Amino acid sequence: MAQIFDLSRLGDVAARHHKVMRLGARQRQIIFAGTFLGFLLLVFGLIEADFSLSRIVSGIGKLGDFAVLMFPPEPGPLFATYLHALGETLAIALLGTLLAAVLAFPFAVLASRNVLPFWVTRFVLRRSFDTIRGVDTLIWALIWISVVGLGPFAGVLAVATADFAAFGKLFSETIETADPKPVEGIRSTGGTAAQEFRFGILPQILPVIAGQVLYYFESNTRSATIIGIVGAGGIGLHLSEQIRTLEWQRVAFLVLMVLVVVAAIDFISSRLRTAISGAKPI
Amino acid sequence: MTIAIQHLPDRQLAPLMRAYRQALFARRIRVLVGLLVLVLSVALGGWWVGFDIALLVSKISTFTNYFGRIFTLDDGQPVFSDPVEWYWGLIKWSKLLGETLLVAYTGTLLGAAIAFFTCFAAASNLAGPTIRWVARRFLEFCRTVPEIVFALIFVLAFGLGPMAGVLALAIHTLGALGKLYTEIVENIDMKPVEGIISTGGSRAETIFYGVLPQVWSGFLTYSLLRFEVNFRGASIMGFVGAGGIGQELLTAVRKFYYSDVSALLVMIIVTVFVLDIMTGLVLKRLNRVG
């Protein structure tokens, strides 16, 4: 059989079509230097964090012991308390997300270019959203605890604060991507600004926003499980307590409870999200 | 002027109107039921956590005052009047901030590296059903357990310090990035892959020459965004003793060192801003190259 392509001539081909076959020398140098520096930084990070073979080996050994001690998972005498705490976690996620959505909506409207073409408000609001977003939910929980005291109420407010900023950004971006044609239509028939918003923009963004809120509810169920670590209610308090007292069977049980609830919420919320987006496609 | 719209005769119109009203009614009922469920669950949730709107209203001034307090020095002056006094611990805090960044970086890179090797096993176009199932459940587990829970456990296993934080972030990153990487891999064009398989390429060669050129820029984008998220995650690792600036922040909040709280928060927020801008620039450049 005739050889269609002689592999030994690959070098010639590469030389003739160097633009296609190879990156420029400079580009390769940059990539190489970048990779090298990144790798150096990684090694530096590992050294700084005191990674050592003996520590890794003994740590993994201990993790293995913990894993063995986790079986069989069992709740101990506090099952009812755990259930109550789990309910608290769900309530924190639900109330926090809703509160954030309700509070964020008006600010998001004001931060949207197509509703308020006035850059100062937009700039100030967007930067405030970014500032609040830079602080983790757990830090907000700490701050709210010093305001309203320990307990799930602080947790609700922490989730609400963190999500207020996230929603503010997301909602205003959604509003800005709304199709301007319905708005122009309403304006051309003599509609007021309020009617433009109500009938031109709102029907377009509402299903999208509902989907975003549901998605955040899902992810907040996860973050609400840990908010108890600093004392802001929910199952996190019990989880961290049982980890610290090395009650591994209970830890395993609590983690399983969380996984089941998170999976259930994921399922329900993704069903709802498809229903919403299917019923009223944007 | 006459209007050109012709009205249907009532006999034809009546059933249409009835159908329209029924459809509208059904939709309204659905929305109403949905709202009712929502209101009921909110009421239940509010009762469950002891949500007290009166308490919130009465304490809201405490919240705003809190921000007044943290921006005030111990001698009653606003912090901006004496930046040296405000940032008295700048050297210590900068080191901690550096440690936080390093924890985030190392954790992201380790997690991304493992996610890289896992995603090909979890992608439906490159792996069989059994191995795919195992890989997916593994990734799911890694991302569902919150990183701070991993950190709590790792602190006990590996001892206090940033190592536990790095590992906790790495595992969570592995789960989160693994899923995103898998989605990228599943959306590639399979023709180059088939071409390499048909010329007898091994699996490693298939992935290296067929898959990688299509996915690397997507991988890099998600990893950069994850680094930002992980910096925020690393900033709270100190709450459980897993390194970084969190320990200092926890102490400052708990012991009411007001001006320290604002100093640390400002450092964290500024870093998040800088990271945000830098990732934006890198991504822009990346998209231009790719």
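Let me open with burial: of the 290 residues in chain B, 35% are buried, where buried requires 20 or more other C-beta atoms within 10 Å of the residue's own, exposed means 12 or fewer, and partly exposed covers what lies in between, with C-beta atoms placed from the backbone. Please keep in mind that this is a predicted model, in which local features need pLDDT of at least 70 and side-chain atom pairs count only at pLDDT 80 or more, while totals for chains, interfaces and linings use all residues. Residues are numbered from 1 along each chain as its sequence is written, and chains are lettered from A and ligands numbered from 1 in the order in which they are written.

Along the principal axes, the C-alpha trace of chain B spans about 85 × 70 × 45 Å.

Chain B is divided into domain 1, residues 14-64, and domain 2, residues 87-289, with bounds that come from an automatic or database domain assignment. The C-alpha centres of these two domains of chain B lie 38 Å apart. Among the contacts in chain B with a separation of 6 or more, 70% are between residues 24 or more positions apart, a contact being two C-beta atoms, placed from the backbone, within 7 Å.

Now to the backbone, where most residues other than glycine have a negative phi, and most peptide bonds are trans. Which residues does a cis peptide bond join in chain A? They are Phe71(A) and Pro72(A), with omega about -10°, and Pro72(A) sits in the loop between α4 (53-69) and α5 (79-110) of chain A.

Leu246(A), not a glycine, has a positive phi near 60°; this residue lies in the loop between α11 (236-244) and α12 (248-279) of chain A, and is exposed, with 11 other C-beta atoms within 10 Å. In chain B, Phe256(B) has a positive phi of about 60° although it is not a glycine. Phe256(B) belongs to the loop between α10 (246-254) and α11 (258-289) of chain B, and is exposed, with 11 other C-beta atoms within 10 Å.

Conventions
Helix = DSSP H or I, 4+ residues; strand = E, 2+ residues; numbered from the N terminus.
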